[in-house]
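Student: I am new to this structure and would like to look closely at one part of it before I step back to the rest. Could you take me through a single residue and then its wider setting?

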Amino acid sequence: MTNTEGRPARVTDHIVINRAHWDNGADAWVSAGEKAWSAGEPYWGIWEIPESELEMLPADMSSMSAIELGCGTAYVSAWMARRGAKVVGIDVSERQLATARRLQSDHGLAFPLIHADAERVPLPDGRFDFAISEYGAALWADPHAWIPEAHRLLRPGGELVFLSSSPLAMICYPTDGSGPVTETMQREYFGLYRIDWSGVEVDPGGVEFGLTVSGWFRLLRDSGFEILDYIEVQAPFSGPETRFAISADWANRYPSEHVWKARKR
């Protein structure tokens with residue numbers, strides 16, 4: 001379904017579906033959150049690529065105001081707070097935020113955590129120098145809503161960084177939800193946008209979003225961003241080990257994740 005401008009029409013049922021999905025599954029993410037909060041160096045994505053390789057965070061954030069869009073257990077927010085940033089975390093799941101608040105107490109860190117979806121953040125324009133999403137909004141929110149919202153929240157010259165599933169991984173995932181990711185395409189590349197897993201036969205989930213590579217470039221540009229970098233993430237090893245239905249062998253040969261870095265014009 002598209003509007004008269006050729007852009008997908010605004011459908012918001014995914015917010016309700018994803019809130020329920022992440023509230024219901026919050027317990028499964030506690031141990032991962034605890035591990036990340038305790039990490040000596042930030043790491044990223046399903047292959048735990050070290051920050052020294054992807055450089056998703058500024059080294060010194062002591063003068064910066066930062067927001068994490070779709071923070072979950074808020075470990076990325078904790079990493080930024082330890083680098084000196086004034087941080088706000090936003091998430092659609094109250095149960096995820098409950099874990100984040102407990103971990104704040106455990107680690108002696110305090111920063112605001114707001115229960116809201118990243119497509120409509122209840123904060124004023126131009127408040128932040130830096131915005132980030134590791135999956136979170138980058139996968140679970142409508143890009144035609146959250147990218148312009150990130151632009152609104154940033155000051156001129158502010159940066160947006162996000163990591164999510166690559167379009168190649170998305171089109172190679174079996175449509176019945178069974179996994180694992182295959183070497184043959186399971187859905188069309190052009191038109192990639194909304195993938196609803198809530199009613200699939202195997203392992204029902206939430207609603208994910210993705211775009212073609214050119215679609216991401218165009219959306220970021222049209223929303224007022226300058227592209228700084230684009231990274232296709234390679235798994236650091238190969239073999240049969242599978243994470244989130246993607247084998248290391250597959251992800252060592254093909255990009256399972258990608259990283260975007262952009263600056264508000």
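Tutor: Let us begin with glutamine 104, which is buried because its relative accessible area is 9%, below the 20% under which a residue counts as buried. The model is a predicted one. Glutamine 104 belongs to helix α5, which covers residues 94–107, and, once its neighbours within four places in sequence are left aside, glutamine 104 is in contact with Trp37, Leu109, Ala110, Phe111 and Leu113.

Among the contacts with a separation of 6 or more, 68% are between residues 24 or more positions apart.

The interior is the next thing to examine. In soluble globular proteins, nonpolar side chains tend to be buried together. Here the largest nonpolar core has 54 residues, of which Trp44, Leu54, Met80, Phe130 and Ile132 touch the most other members. Helix α4, residues 75–82, gives the most to this core, with five residues. Met80 itself, if residues up to four places away in sequence are not counted, touches Leu57, Met61, Ala66, Ile67, Glu68, Ala85, Val87, Phe130 and Ile132. A second, separate core has 30 residues, including Val121, Trp146, Leu219 and Trp260.

Helix α4 also deserves a look as a whole, since six of its eight residues are buried and the helix is mostly covered. Those buried residues are Tyr75, Val76, Ser77, Ala78, Trp79 and Met80, and what covers them includes helix α2 (30–37) together with the strands β1 (43–44), β3 (65–69), β4 (86–91) and β6 (128–134). Just after α4, glycine 84 takes a positive phi of about 100 degrees.

As for charge, the chain has 24 positive and 37 negative side chains, with the centres of the two sets 6 Å apart.

How values were computed. Residues are numbered from 1 along each chain as its sequence is written. This is a predicted model: local features need pLDDT of at least 70, side-chain atom pairs count only at pLDDT 80 or more; totals for chains, interfaces and linings use all residues. Side-chain values use heavy atoms; hydrogens and water are left out. Contact means heavy atoms within 4.5 Å. Lys and Arg count as positive and Asp and Glu as negative; His and the chain ends are not counted. The place of a charge is taken as NZ of Lys, CZ of Arg, CG of Asp or CD of Glu. A nonpolar core is a set of buried Ala, Val, Leu, Ile, Met, Phe, Trp, Tyr and Cys residues joined through side-chain atoms within 4.5 Å. Buried means under 20% relative accessible area, exposed over 50%, partly exposed in between (1.4 Å probe, protein chains only). Helices (H or I, at least four residues) and strands (E, at least two) are DSSP runs, numbered from the N terminus.
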